[in-house]
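Hello,

Here is the structure we talked about. My notes on it follow below.

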Amino acid sequence: MNYTRRTWLTAAGAVGFSAALTHCGGSDPLAPTAADPASSGLADAQRSRTSAPKPVSNTTGRVVVVGGGMAGLAAAKYLRLWGGTGVQVTLVERNPSYTSNILSNLVLTGQRTLSSLVYSYATVKQNYGVDIRQGTVVGIDPIRRRVTLADNSTLDYDRLIVAPGVVFDVLPGLESDAARSKVVHAWQAGPETATLRNQLLAMPTGGTFVMTIPKSPYRCPPGPYERACVVADWLKRNKPGSKVIVLDANGDIQAERHTFDTAFRGLFAGVVEYVPNAGVISIDAAQTRISVNSQMGTVVGDVVNAIPPQRAGKIVLDNFLANSADGRWAGVNAATFESTAAAGVHVIGDSCSAGIPKAGHIGNQEGKTAADAILRAFRGLAPDTDLVVNSACFSPITASTASWLTAVYQYDTTAGGYKIVGTAPSEATSPTADNYSEMNKWFSTLMGETFA
Ligand SMILES: Cc1cc2nc3c(=O)[nH]c(=O)nc-3n(C[C@H](O)[C@H](O)[C@H](O)COP(=O)(O)OP(=O)(O)OC[C@H]3O[C@@H](n4cnc5c(N)ncnc54)[C@H](O)[C@@H]3O)c2cc1C
């Protein structure tokens with residue numbers, strides 16, 4: 001089968017949205033190579049989308065979900081969709097609405113507004129009967145199976161899903177509120193995104209935008225390079241002669257290497273300076289100056305955008321669920337997303353360490369995988385281990401072109417983790433206007449599928 005952009009989008013949609021419940025149906029998805037994404041498990045998964053579980057009327061149980069982001073809300077919705085009305089689902093979210101990080105780099109360049117990225121919880125509440133509570137969960141008691149909220153109220157559960165996203169380390173020099181209000185990361189869409197946009201607008205023509213990238217793993221592997229591209233493109237058109245200096249703590253570009261390397265050396269030659277192995281030592285916010293552990297020593301910018309190292313959400317850290325080797329992420333059974341530290345607690349989304357990327361598209365599928373595992377447990381069934389998930393990401397490169405990246409992962413029962421299908425993720429050969437329009441369709445489908 002010849003691979004085309006459109007078949008990929010359809011297949012990615014099918015995998016993403018039938019999600020993790022895809023059985024491989026007798027074919028051997030590990031056999032093909034990633035050079036042909038349509039034959040690397042995507043098509044198999046698409047054919048098997050009907051295998052998603054049907055609601056079973058006698059399923060009963062109480063599930064509390066902490067965090068209504070890409071992973072948590074998908075889990076809550078599918079618990080009700082597949083579990084039926086006997087499954088009580090309460091979702092606790094600290095904010096009244098959700099602001100998408102995905103496409104938030106386009107707010108910096110004025111192509112999107114922040115308000116266009118805001119999603120309401122009303123539809124999932126209305127259509128699926130998820131009980132949405134606004135509040136912050138501050139404690140988990142896995143023995144009594146109870147969570148405590150900041151207002152001291154409690155919720156009992158049979159199974160708990162924890163999906164709080166990430167928290168950000170404080171970089172040396174940014175300990176004060178004043179310093180952090182001047183040097184923002186904008187890696188959580190919201191007020192910092194607006195601040196960074198205003199800083200760009202105020203930047204002098206011929207000025208310098210300096211950004212830092214933390215060591216992997218971090219949220220959205222291609223995201224920082226995408227940001228460098230869209231900012232460079234905007235500066236080229238609006239503030240000619242300006243530069244973007246990318247200080248990367250990693251030794252190389254972490255995702256879509258072909259796309260970003262080609263863009264940095266070609267389209268943005270003389271605009272983007274990419275510096276690998278440049279970890280932050282300290283930042284002087286008042287002087288917008290960064291010291292890095294590379295030959296560059298010290299770099300001064302007109303705008304400094306420092307993306308700090310990340311770790312699991314506070315509720316995970318405070319409740320002894322962050323048991324990965326570096327203590328930053330929650331270890332989970334990759335087939336069920338049940339914590340390896342606490343029985344009955346499932347950690348999904350960016351907070352967990354499951355050997356797959358930290359991204360919204362895949363977080364949606366982790367939500368569905370955990371929902372299915374919990375429903376099977378309520379029915380006295382063993383978890384499904386015949387699992388395929390896919391990650392898909394579109395990256396805007398200029399104001400009118402985009403690129404894409406996709407990878408398919410299959411659960412490996414022997415190793416107990418996910419194995420990439422083929423040899424490597426696939427990426428677009430070049431950024432195009434067609435990809436840009438497909439990106440907008442992919443985004444509205446993903447967000448509609450999660451929030452509606
Ligand atoms: C610039 C940028 C671009 C990106 N682009 C893409 C992309 O193209 N494709 C892609 O797939 N991904 C992309 N991502 C990554 C994606 O946004 C994240 O991976 C995804 O949002 C993670 O989902 P999550 O549910 O784990 O966390 P989140 O979406 O952050 O949701 C966590 C939720 O939990 C809530 N919460 C936290 N703690 C508590 C508590 N104690 N009590 C109650 N509520 C709590 C928070 O308020 C939040 O609503 C991008 C990220 C960035 C920053």
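**Aromatic pairs, ligand and backbone**

Phe-260 and Phe-264 are about one helical turn apart, because four residues separate them in helix H9. Helices (H or I, at least four residues) and strands (E, at least two) are DSSP runs, numbered from the N terminus.

A word on the source. This is a predicted model, where local features need pLDDT of at least 70, side-chain atom pairs count only at pLDDT 80 or more, and totals for chains, interfaces and linings use all residues. Residues are numbered from 1 along each chain as its sequence is written, and side-chain values use heavy atoms, with hydrogens and water left out.

**Aromatic rings**

The structure holds eleven aromatic pairs. Rings of Phe, Tyr and Trp (its six-membered ring) pair if their centres lie within 6.5 Å; planes under 30 degrees apart are stacked, over 60 edge-to-face, and the rest tilted. Tyr-225 and Phe-260 make a tilted pair, with 5.7 Å between centres and 35° between planes. This pair links distant parts of the chain. Tyr-225 sits in helix H8 (residues 223-238) and Phe-260 in helix H9 (residues 257-265), 35 residues apart. Both Tyr-225 and Phe-260 are buried. Buried means under 20% relative accessible area, exposed over 50%, and partly exposed in between (1.4 Å probe, protein chains only).

Phe-260 also pairs with Phe-264, again tilted: 6.4 Å centre to centre, 35° between the planes. Phe-264 is buried too.

Elsewhere, Tyr-98, Tyr-119, Tyr-121, Phe-443 and Phe-451 form one aromatic cluster. Lys-358 lies over the face of Trp-329, 3.8 Å from the ring centre. The test for that is NZ of Lys or CZ of Arg within 6 Å of the ring centre and within 35 degrees of the ring normal.

**The ligand**

How many residues surround the ligand? The count is 33, and the closest are Glu-93, Tyr-98, Arg-219, Asp-350 and His-361. The cut-off is a heavy atom within 4 Å. By class, the shell has 15 nonpolar, 13 polar and five charged residues. Ala, Val, Leu, Ile, Met, Phe, Trp, Tyr, Cys and Pro count as nonpolar, Asp, Glu, Lys and Arg as charged, and the others, Gly among them, as polar.

- His-361, polar backbone atom: 2.8 Å.
- Asn-101, side-chain N or O atom: 3.1 Å.
- Asn-95, polar side-chain atom: 3.3 Å.

The protein covers 97% of the 990 Å² of accessible area that the ligand has on its own. Areas come from the Shrake-Rupley method with a 1.4 Å probe; for residues, only the protein chains shown count as cover. Helix H3 (70-83), strand S2 (87-93), helix H11 (360-378) and strand S23 (388-396) each give two or more residues to the shell.

**Backbone**

Most residues other than glycine have a negative phi, and most peptide bonds are trans.

- The Ser-216 to Pro-217 peptide bond is cis, with omega near 0°. Pro-217 is in the loop between strand S11 (208-213) and H8.
- Arg-145 has a positive phi, near 55°. Its loop runs between strand S6 (137-141) and strand S7 (146-149). Arg-145 is partly exposed, because its relative accessible area is 27%.
- Ala-186 also has a positive phi, near 55°. Its loop runs between helix H6 (177-182) and helix H7 (191-202). Ala-186 counts as buried because its relative accessibility is 2%.

Best wishes

Key:
A polar contact is a pair of N or O atoms within 3.5 Å; within protein, one must be able to donate a hydrogen and the other to accept it, and residues adjacent in sequence count only if both atoms are side-chain atoms.
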